Amino acid sequence: MLMKQAYFGKECQNELFYPHEEKRAPGFKAAKECSTLLLGGDARGDFKLTPLLVYHSKNPKAMKGIFKSTLPVIWESNKKLWINMKIFQNWFTEYFCQSVICYCKIKKLESRALLLIDNALSHPTNISDLITCIPVELVFLLPNTNALIQPMDQGISNFKA
């Protein structure tokens with residue numbers, strides 16, 4: 001499994017979202033909403049995990065009357081918009097392991113996974129820190145090279161668009 005954690009902060013306000021005419025309009029102010037997104041999938045690209053979205057509010061006003069279970073993402077909240085150890089552990093045990101088990105059953109494969117992750121503080125430093133229901137091998141990408149070699153970076157611009 002390959003993972004990519006993307007931070008959609010103030011730098012993501014690009015020309016894709018606002019036409020040039022609107023930017024020059026009087027009273028225009030770009031939204032400063034931020035979120036963090038965790039993407040994952042297999043090396044062949046035939047299996048993609050449901051994205052994990054971390055937003056600062058658990059129940060934003062814009063989502064009033066919408067059930068988060070119907071969204072195409074796993075919704076979590078954190079004031080600092082980070083994936084902390086608790087959010088990562090819950091995602092790993094409740095969603096990742098179960099998704100790998102289902103995928104392996106469908107493909108008639110042995111239930112095991114190789115997880116490539118960057119060295120963010122929210123990620124465990126050892127597999128023994130995680131409660132796993134399948135054999136998982138963690139491989140950490142080298143520091144300060146994630147943007148160059150991280151496999152999930154290949155399609156992040158398409159996802160943002």
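Colleague: By about how many degrees does H2 bend, and at which residue?

Modeller: H2 bends by about 40 degrees at Phe92. The bend is the angle between axes fitted to the seven residues ending at a residue and the seven starting there. Please note that this is a predicted model, in which local features need pLDDT of at least 70 and side-chain atom pairs count only at pLDDT 80 or more, while totals for chains, interfaces and linings use all residues. Residues are numbered from 1 along each chain as its sequence is written, and side-chain values use heavy atoms, with hydrogens and water left out.

Colleague: What span does helix H2 reach, and what is expected?

Modeller: Helix H2 covers residues 85-107, 23 residues in total, and its first and last C-alpha atoms are 31 Å apart. Helices here are DSSP runs of H or I with at least four residues, and strands are runs of E with at least two, numbered from the N terminus. The protein chain has 4 helices and 6 strands by that criterion, in the order β-α-β-β-β-α-β-β-α-α.

Colleague: Why is the pair Phe88 and Phe92 called stacked?

Modeller: The whole structure contains 6 aromatic pairs. Rings of Phe, Tyr and Trp (its six-membered ring) pair if their centres lie within 6.5 Å; planes under 30 degrees apart count as stacked, over 60 as edge-to-face and the rest as tilted. The ring centres of Phe88 and Phe92 are 6.3 Å apart and the planes meet at 20 degrees, so this pair is stacked. Phe92 and Phe96 are likewise a stacked pair, at 5.2 Å between centres and 20 degrees between planes. Phe92 and Phe96 both belong to helix H2, 4 residues apart, about one turn of the helix. One aromatic cluster is formed by Phe88, Trp91, Phe92 and Phe96.

Colleague: What makes Phe92 buried?

Modeller: Buried means under 20% relative accessible area, exposed over 50%, and partly exposed in between (1.4 Å probe, protein chains only). Phe92 has a relative accessible area of 0%, and is therefore buried. Phe96, also at 0%, counts as buried. In the protein chain of 161 residues, 40% are buried.

Colleague: Is Gln89 buried or exposed, and which residues does Gln89 touch?

Modeller: Gln89, at 16% relative accessible area, is therefore buried. This residue of helix H2 touches Asp129, Leu130 and Ile131, leaving aside residues up to four places away in sequence. A contact requires heavy atoms within 4.5 Å.

Colleague: What makes the phi of Leu81 and of Lys108 worth noting?

Modeller: Most residues other than glycine have a negative phi. Leu81 has a positive phi near 65 degrees, and Lys108, which is not a glycine either, has a positive phi of about 55 degrees. Leu81 lies in the loop between strand E4 (74-77) and H2, whereas Lys108 is in the loop between H2 and strand E5 (113-117). Leu81 has 8% relative accessibility and so counts as buried; Lys108 has 74% and is therefore exposed.

Colleague: How do you know that Lys80 lies over the face of Trp82?

Modeller: A charge sits over a ring if NZ of Lys or CZ of Arg is within 6 Å of the ring centre and within 35 degrees of the ring normal. Lys80 is at 5.8 Å from the ring centre of Trp82 and lies over its face.

Technical notes: Expected span 1.5 Å × (residues − 1).
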